[in-house]
Amino acid sequence: MKGQNSILDVLYEEPGPKTKKRIKIFSMLSFAFVVLFVLLILKQFYVTGQFNARYWRFFVKSTTWSFLGAGLLGTVRVALTSAVITFLLGFLMMFGRVRGGKVVNFLSMAFIEFTRGVPTLLFIYFFFFAMPAFGIKMSSFWKITIPVAVSASGAVAEVLRGGINAVHKGQREAALSLGFSENRTFFKILFPQAFKFVIPSLIAELVIVLKDTTFAYVVSFNDLMQNSSVLISNYDALLSVYLVTAIIYIIINYLLNKLSVSLALKKKLKK
């Protein structure tokens with residue numbers, strides 16, 4: 001199964017002495033650049049009076065954090081629900097491409113390319129403006145959840161298809177020789193292995209879904225960004241609120257990325 005590990009080997013193989021030296025130099029230069037950039041930003045904050053206590057004192061109130069926490073909970077709800085729908089749609093499109101006939105394969109491929117080519121915001125506008133015109137009424141939760149899921153489903157379908165293609169063809173041939181049907185071979189042999197291959201990539205797609213939930217303001221859903229906007233209106237503190245909100249998003253995405261890399265390395269070590 002040498003081909004199955006090739007991508008991970010390239011991504012995570014141990015660098016040589018020269019590469020380590022270059023990495024160390026570039027890391028130091030990058031760190032110095034980041035520190036300089038942060039210092040310049042802090043200087044600009046000071047000059048424009050952004051360190052004034054009135055822009056920050058409301059963060060010591062428990063009500064502020066409970067309000068942001070309620071928004072974060074809304075963001076997590078949308079992200080997780082969208083992730084489940086995304087996976088189901090992605091699986092159906094992948095199955096259509098891998099196991100469907102010519103017509104199903106064409107339709108699946110067309111839908112994949114459509115979802116990958118259309119911006120998420122346009123899907124949201126469609127569900128927000130067009131669906132009510134057809135007499136279909138939804139809550140703000142579904143007006144953001146479904147379009148975000150549809151937008152990401154094409155990419156997930158291709159990730160899953162890549163996982164299926166990564167399974168050695170001998171696995172399928174061996175299962176068929178033992179009397180397994182094509183569908184049983186797919187669900188019992190191919191897909192379980194393919195799923196393990198693409199777990200890190202699926203987590204990376206979850207990060208994208210999480211970022212897309214920031215469009216929830218379009219449908220007035222109370223997510224983290226929407227609640228942050230309310231705080232800005234109440235305290236006239238745009239910079240401080242958006243900075244704290246950005247840090248929250250960065251921490252969540254960082255943890256998801258670390259989980260993705262950890263799972264990829266763990267899978268490589270097992271092999």
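# A first look at the helices and their contacts

Leaving aside residues up to four places away in sequence, Gln226 touches Tyr217, Ser220 and Phe221 (contact means heavy atoms within 4.5 Å). What you see above is a predicted model, where local features need pLDDT of at least 70, side-chain atom pairs count only at pLDDT 80 or more, and totals for chains, interfaces and linings use all residues. Residues are numbered from 1 along each chain as its sequence is written, and side-chain values use heavy atoms, with hydrogens and water left out.

Let us stay with Gln226 for a moment. Its place is in helix H9, residues 224-235 (helices are DSSP runs of H or I with at least four residues, numbered from the N terminus). Gln226 counts as buried because its relative accessible area is 18% (buried is under 20%, exposed over 50%, partly exposed in between, with a 1.4 Å probe and protein chains only).

Helix H6 covers residues 140-166, and its 27 residues reach 39 Å from the first C-alpha to the last, close to the expected 39 Å (1.5 Å times one less than the number of residues). Even so, H6 bends by about 35 degrees at Ser153 (the angle between axes fitted to the seven residues ending there and the seven starting there). Helix H8 has a kink of about 55 degrees at Val198, shortly before the proline Pro200. H8 spans only 37 Å between its end C-alpha atoms, whereas a straight helix of 31 residues would span 45 Å.

Asn183 has its place in H8, which runs over residues 182-212. Which residues does Asn183 touch, not counting residues up to four places away in sequence? They are Phe95 and Arg99. Asn183 and Arg99 are 84 residues apart in sequence, yet their C-alpha atoms are 8.3 Å apart in space.

Now for the charged pairs. The model has 4 salt bridges (a side-chain nitrogen of Lys or Arg within 4 Å of a carboxyl oxygen of Asp or Glu). In one of them, the side chains of Arg116 and Glu158 meet at 4.0 Å, N to O. This pair links distant parts of the chain, with Arg116 in helix H4 (residues 102-117) and Glu158 in helix H6, 42 residues apart. Glu158 also forms a salt bridge with Arg161, where the closest N and O atoms are 3.0 Å apart. Arg161 and Glu158 are separated by about one helical turn because they are 3 residues apart in helix H6. Together, Arg97, Arg116, Glu158 and Arg161 are linked in a network of salt bridges.

Another salt bridge joins the side chains of Arg172 and Glu182 at 2.6 Å, N to O. Arg172 lies in helix H7 (residues 169-177) and Glu182 in helix H8, so this pair ties together parts that are 10 residues apart in sequence.

The table shows how exposed some of these residues are.

| Residue | Relative accessible area | Class |
|---|---|---|
| Arg116 | 47% | partly exposed |
| Asn183 | 39% | partly exposed |
| Arg172 | 33% | partly exposed |
| Glu182 | 28% | partly exposed |
| Arg161 | 23% | partly exposed |

Finally, look at helix H2, residues 17-47, where Ile41 is found. Ile41 is one of the residues that form a nonpolar patch on the surface, among them Phe31, Val38, Tyr46 and Phe51. The residues of this patch have about 1200 Å² of accessible area together.

Conventions. Helices (H or I, at least four residues) and strands (E, at least two) are DSSP runs, numbered from the N terminus. Patches are made of residues with over 30% relative accessible area and no salt bridge: like charges are joined within 9 Å, nonpolar side chains (Val, Leu, Ile, Met, Phe, Trp, Tyr) within 5 Å. Accessible areas come from the Shrake-Rupley method with a 1.4 Å probe; for residues, only the protein chains shown count as cover.
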